[in-house]
Amino acid sequence: MAVSIKSAREIELMREAGRLLALVHDELGKAIEPGMSTKEVDELGEKMIRGFGCVPNFLHYNGYPASICVSVNNEVVHGIPRKDRFLKEGDIVSLDAGLIYKGYHSDAARTHAVGKISPEAQKLIEVTRQSFFEGIKMAKAGYHLHDISAAIDAYVSQFGYGIVRDLVGHGIGTSLHEDPQIPNFAQKRRGVRLQAGMTLAIEPMINAGGWEVDFQKDGWTVVTRDGSLSAHYENTILVTDGEPEILTL
């Protein structure tokens with residue numbers, strides 16, 4: 001497995017791709033409210049991405065029909081936006097989005113509350129977000145890839161949540177998905193040694209219940225098998241000799 005090491009010029013382009021995507025997520029987060037259709041979320045996100053002179057990298061990716069993945073409640077990832085699907089008070093909604101800036105990709109995800117949500121849902125969102133930050137403490141040159149996986153697992157497991165196993169994080173650069181794959185649960189092997197210049201999309205997907213998931217008939221939407229809520233938090237990061245740099249915050 002060859003993990004690409006980005007040059008100084010490539011890192012600058014990825015920084016800008018990440019910065020613009022962070023702005024998209026910020027705006028979408030502010031816009032989310034009860035009564036909004038998932039299609040409206042998608043249209044707003046795509047308009048912003050194109051307004052920056054960028055291309056939404058999810059649109060038509062392996063046939064995916066939208067620019068923003070909008071996944072509600074028990075939907076883990078890849079929910080397809082619809083005009084007739086409306087967000088309601090108490091829902092949680094995961095938005096996964098990415099863009100291409102001058103040939104370089106960024107990828108990030110956030111889970112938002114729709115209006116007032118239950119304390120249980122709020123805790124799930126917070127733990128999922130924090131698990132990302134626990135994981136990237138290990139995302140330094142000299143550590144190994146699966147140190148990240150183990151750190152996420154150790155943090156999440158104490159809450160009794162399920163860590164999705166069928167979907168993982170990934171390398172990113174001139175392609176949306178590059179080597180290596182980055183599981184969010186502990187591994188037997190250490191994985192590749194991390195080097196400065198690697199760019200990774202770290203993305204814990206955490207279920208309030210069991211880890212098992214099912215793929216819906218639309219071929220895209222992934223849901224929790226037990227119907228429990230799911231949250232998702234992702235950033236594109238740069239491995240350095242010191243602390244990792246988060247490109248999409």
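Is Thr199 buried or exposed, and what is its relative accessible area? Thr199 is buried, with a relative accessible area of 3%, where buried means under 20%, exposed over 50% and partly exposed in between, using a 1.4 Å probe and protein chains only. Before I go on, please keep in mind that this is a predicted model, in which local features need pLDDT of at least 70 and side-chain atom pairs count only at pLDDT 80 or more, while totals for chains, interfaces and linings use all residues. Residues are numbered from 1 along each chain as its sequence is written, and side-chain values use heavy atoms, with hydrogens and water left out.

Thr199 lies in strand S9, residues 199–202; strands here are DSSP runs of E with at least two residues, and helices are runs of H or I with at least four, numbered from the N terminus. The side chain of Thr199 makes a polar contact with the side chain of Lys6 at 2.8 Å, a polar contact being a pair of N or O atoms within 3.5 Å, of which, within protein, one must be able to donate a hydrogen and the other to accept it, and residues adjacent in sequence count only if both atoms are side-chain atoms. A polar atom of the Thr199 side chain also lies 2.6 Å from the backbone oxygen of Ile172.

Let me turn to strand S4. Nine of the ten residues of S4, residues 92–101, are buried, so this strand is largely enclosed by the rest of the structure. S4 runs antiparallel to S5, residues 104–113, and ten bridges join them, where pairing requires that DSSP finds at least two bridges between two strands. Along that pairing, Gly98 stands opposite Asp107 in S5.
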